[in-house]
Amino acid sequence: MKLAITGLANSGKTTLFNALTGQNIEATLYATTSGDPHVGVVKVPDERVVRLSQIYEPRKTTFATVEYIDYIGIAQGDQDQNRLVFDLMKGADALVCVIRAFNDDSVVHPNGNIDPQRDLRAMESELILSDLELIEKRLDRMAEGQQKKGKKPDEGEKRTLEKCREYLENEIPLRNIELGIEEARYIRHLQFISILPMIVVLNISEDHLAGSSAEKLIEVLKDTISHYPLKEQLTFVPLSGKIEMEISQLDDPESEEFLKDLGITEPARNRLIHESYKLLGLISFLTVGEDEVRAWTISSGTEAHKAAGKIHSDIERGFIRAEVVSYSDLIELGSMTEVKQKGLSRLEGKNYIVRDGDIINFRFNV
Ligand SMILES: Nc1nc2c(ncn2[C@@H]2O[C@H](COP(=O)(O)OP(=O)(O)OP(=O)(O)O)[C@@H](O)[C@H]2O)c(=O)[nH]1
Ligand SMILES: [Mg+2]
């Protein structure tokens, strides 16, 4: 999974990136406008992998991973800079949009004062503008091709682009509209940015962590997006980037105390991953053995043969059966032999819908 951190200048993107990856990149008082993007890969914390690894004592234990990227901020009205940022973020599975809600007079705000609602609107506008630009260009090129070369434009794509354009013109990002499978296929090659699911991180002041002010702020922001036809593809996560970065630099036992004192139940580095899995509808299945215990990330609703393809295309192609045991059964009974004796190991066919926590052994033949 790849998550791209974005937001206006000085909203706390790099601070959050540090909190999520445990890195220590300098967060500056002035806006960063050049330099290379920061990339960090972290393990998806998964208690099940830890437990299974204790049982199997494999040569290798492999967690699922998340890749984060952090780059320069979005500048309102600067289409060139924003194009650079959005191009970099195209391969991402979701955007993490940092909205500044913390007060600190020493940190310059590009808009002069703290106003999360205005900033969320501004961010959405830039995403929308960027996609509108792509649509206009594409439609122009289609018209040109027809005029000059007599090439007939793909009616399906044209219709879909026009539909998207109408929503965008009404300030609705593409992630929040209903698109059919066919429609999604027509426009996939354009790699729109507003179509990516989005986690809005509200970077709040540390003294607002307790109490209800973050919730109140979320209510206000929900109002901002009340005209979106679909709401599910956008979620809000309040946190303090500064505190979370401090937490990420601590050793574990220490941070547990610290978290308790602050009333934080789960550090951002875990919380954001959970929220992303939920937002993207992702689950994990597991493979076990003496060689390797491993977690694999798939979309919920994935069929067994497709899940097999995650491991290797040969296994998908030569799929025979999936031997499935649920993680909870294995932990309850303590060993695979017990599970099998109790008849709790199932043989499933290629269309079986894999569930979160399934331990799978694929039988295949190539
Ligand atoms: N008080 C407070 N300051 C913060 C918080 N998050 C970030 N800052 C400060 O705000 C300034 C900017 O933070 P960065 O993380 O560099 O912000 P950025 O969005 O990466 O900024 P650019 O990359 O320059 O656009 C730094 O001085 C941070 O220490 C926070 O939660 N609370
Ligand atoms: Mg930065």
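Two strands pair if DSSP finds at least two bridges between them, and helices (H or I, at least four residues) and strands (E, at least two) are DSSP runs, numbered from the N terminus. Keep that in mind for this tour of a predicted model, where local features need pLDDT of at least 70 and side-chain atom pairs count only at pLDDT 80 or more, while totals for chains, interfaces and linings use all residues. Residues are numbered from 1 along each chain as its sequence is written, chains are lettered from A and ligands numbered from 1 in the order in which they are written, and side-chain values use heavy atoms, with hydrogens and water left out.

**Stop 1: the sheet**

Select residues 2-7 and 65-70, which are β1 and β4; these strands pair in the parallel sense over four bridges. Ile5 stands opposite Asp70 in β4. Now show the whole open sheet of six strands, in the order β2-β4-β1-β5-β6-β7, with mixed pairing. Its edge strands are β2 (38-43) and β7 (234-239), each pairing on one side only. On average, neighbouring strands are turned by 25° against each other, direction ignored.

Axes here are lines fitted to C-alpha atoms, for helices over the stretch in contact, and angles run from 0 to 180 degrees between N-to-C directions.

**Stop 2: ligand 1**

Which residues come nearest to ligand 1? Of the 20 around it, they are Lys13, Thr14, Thr15, Thr32 and Asn203; a residue is near if one of its heavy atoms lies within 4 Å.

Colour α1 (13-21) and α8 (241-248), the elements that give two or more residues to the shell around ligand 1. The largest share, three residues, comes from α1.

**Stop 3: Glu292**

Finally, select Glu292, found in strand β9 (residues 292-299). Not counting residues up to four places away in sequence, Glu292 touches Pro58, Lys60, Thr62 and Thr287. Its side chain makes a polar contact with the side chain of Thr62 (2.5 Å). Such a contact is a pair of N or O atoms within 3.5 Å; within protein, one must be able to donate a hydrogen and the other to accept it, and residues adjacent in sequence count only if both atoms are side-chain atoms.

Methods:
Contact means heavy atoms within 4.5 Å.
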